[in-house]
Amino acid sequence: MWPLLVHFLRSNAVYITLPVAAVVGVVGYNIENLLSDKYTPYSASIEEKRVERITDDAHLKDATNVEKLVYKENVLGRNLSPSLEKK
């Protein structure tokens with residue numbers, strides 16, 4: 001009896017695996033729906049965050065009052081070794 005059953009399953013494996021896979025998928029999908037949390041908190045989109053950040057920066061800065069960039073010390077002199085510093 002077993003050899004006939006195995007021979008039948010081997011010759012018709014293509015036709016048997018699709019319904020078995022479908023049943024396993026449906027059962028797994030329903031179990032996951034029962035166990036998982038479906039609540040996803042709202043998060044603003046990246047574009048909304050960018051627009052908000054730009055408007056906040058625009059309110060903090062005055063566009064007419066622009067300071068000139070002035071270096072207080074030599075940029076190249078910052079990491080001078082002690083033997084090269086002026087005394």
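Does V23 count as buried, partly exposed or exposed, and at which relative accessibility? The legends below take that up, starting with the whole chain.

**Figure 1. Three helices in a predicted model.** This is a predicted model, in which local features need pLDDT of at least 70, side-chain atom pairs count only at pLDDT 80 or more, and totals for chains, interfaces and linings use all residues. Residues are numbered from 1 along each chain as its sequence is written, and side-chain values use heavy atoms, leaving out hydrogens and water. The protein chain has three helices and zero strands (DSSP runs numbered from the N terminus, with H or I over at least four residues for helices and E over at least two for strands). Along the sequence the pattern reads α-α-α. Of its 87 residues, 0% count as buried (under 20% relative accessible area; exposed is over 50%, and partly exposed lies in between, with a 1.4 Å probe and protein chains only).

**Figure 2. A nonpolar patch that includes V23.** Here V23, V27, I31, L34 and L35 make a nonpolar surface patch of about 550 Å² (patch residues have over 30% relative accessible area and no salt bridge; nonpolar side chains are joined within 5 Å, like charges within 9 Å). V23 sits in helix α2, residues 13–35, and counts as exposed because its relative accessibility is 53%.

**Figure 3. A negative patch that includes E48.** E47, E48, E52 and D56 form this negative surface patch. E48 belongs to helix α3, residues 46–60, and its 41% relative accessibility makes it partly exposed.

Conventions
Accessible areas come from the Shrake-Rupley method with a 1.4 Å probe; for residues, only the protein chains shown count as cover. A salt bridge is a side-chain nitrogen of Lys or Arg within 4 Å of a carboxyl oxygen of Asp or Glu. Lys and Arg count as positive and Asp and Glu as negative; His and the chain ends are not counted. The place of a charge is taken as NZ of Lys, CZ of Arg, CG of Asp or CD of Glu.
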